[in-house]
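Student: Hi! Could we go through this one together? I'd like to start with the overall picture and then zoom in.

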Amino acid sequence: MQPFALDYARPAAELEVTSAYAYDSGLQLNVLRDGRIAACDHALLRELGTTTSTAGSKTHFDD
């Protein structure tokens with residue numbers, strides 16, 4: 001017997017997202033394309049509110 005929800009479950013749509021920053025495993029911080037630490041970019045933080053790390057749990061913040 002299959003649970004009811006599995007009859008209607010669909011994979012989440014993959015979204016193409018371009019981020020202004022990327023995770024640097026050496027620094028263990030998010031960095032901008034020019035190498036600066038993302039948490040120090042005040043304009044980025046005003047726009048996004050925070051920089052969420054993509055490494056490990058998405059509940060940890062770098063700023």
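Student: What share of the contacts with a separation of 6 or more comes from residues 24 or more positions apart?

Tutor: In this predicted model, residues 24 or more positions apart account for 19% of the contacts in the protein with a separation of 6 or more.

Student: Okay. And which elements are there, in what order?

Tutor: The protein has one helix and two strands. Starting at the N terminus, the order is β-β-α.

Student: How confident is the predictor in the protein?

Tutor: The mean pLDDT is 77, and 75% of the residues reach 70 or more. Confidence is highest in β2, at 90, and lowest in helix α1 (residues 42-48), at a mean of 85.

Student: Let's look at the strands. How do β1 and β2 run, and how many bridges join them?

Tutor: Strand β1 (residues 21-24) and strand β2 (residues 29-32) run antiparallel, with four bridges joining them.

Student: Which residues sit across from Tyr23 and Asp24?

Tutor: Tyr23 stands opposite Asn30 in β2, while Asp24 has Leu29 as its bridge partner in β2.

Student: What about the turn of the hairpin? How many residues lie between the strands?

Tutor: Four residues lie between the strands of that hairpin. Gln28, in the loop between β1 and β2, is the one to click on there. Its phi is near 55 degrees, a positive value in a residue other than glycine.

Student: Is Gln28 buried or exposed?

Tutor: Gln28 counts as exposed because its relative accessibility is 56%, and the cut-off for exposed is over 50%.

Student: Switching to β2 itself: is Val31 buried or exposed?

Tutor: Val31, which lies in strand β2, counts as buried because its relative accessibility is 11%.

Student: What does Val31 touch, beyond its neighbours within four places in sequence?

Tutor: Leaving those neighbours aside, Val31 is in contact with Ala20, Tyr21, Ala22 and Asp24, and also with Arg36, Ile37 and Ala38.

Student: How far is Val31 from Asp41?

Tutor: Val31 and Asp41 are 10 residues apart in sequence, and their C-alpha atoms are 9.6 Å apart in space.

Student: Where is Asp41, then, and what does it touch?

Tutor: Asp41 is found in the loop between β2 and α1. Not counting residues up to four places away in sequence, Asp41 touches Leu32 and Arg36.

Student: Why does Asp41 count as buried?

Tutor: Asp41 counts as buried because its relative accessibility is 16%, with the cut-off at under 20%.

Student: Now charges. How many salt bridges are there?

Tutor: The count comes to two salt bridges. As background, side chains of opposite charge can pair when their charged atoms come close.

Student: Which residues form them, and at what N to O distances?

Tutor: Asp34 forms a salt bridge with Arg36, where the closest N and O atoms are 2.8 Å apart. The side chains of Arg36 and Asp41 meet in a salt bridge at 3.7 Å, N to O. Salt bridges that share partners join Asp34, Arg36 and Asp41 into one network.

Student: How exposed are Asp34 and Arg36?

Tutor: Asp34 is exposed, with a relative accessible area of 54%. Arg36 counts as partly exposed, at 44% relative accessibility. Asp41, as we saw, is buried at 16%.

Student: Thanks! I'll go back to the display and find these one by one.

Tutor: Good plan. Arg36 is a handy place to begin, as it has a salt bridge with Asp34 and a salt bridge with Asp41.

Notes: Residues are numbered from 1 along each chain as its sequence is written. This is a predicted model: local features need pLDDT of at least 70, side-chain atom pairs count only at pLDDT 80 or more; totals for chains, interfaces and linings use all residues. Side-chain values use heavy atoms; hydrogens and water are left out. Two strands pair if DSSP finds at least two bridges between them. pLDDT is the predictor's confidence in each residue, from 0 to 100. Contact means heavy atoms within 4.5 Å. Buried means under 20% relative accessible area, exposed over 50%, partly exposed in between (1.4 Å probe, protein chains only). A salt bridge is a side-chain nitrogen of Lys or Arg within 4 Å of a carboxyl oxygen of Asp or Glu.
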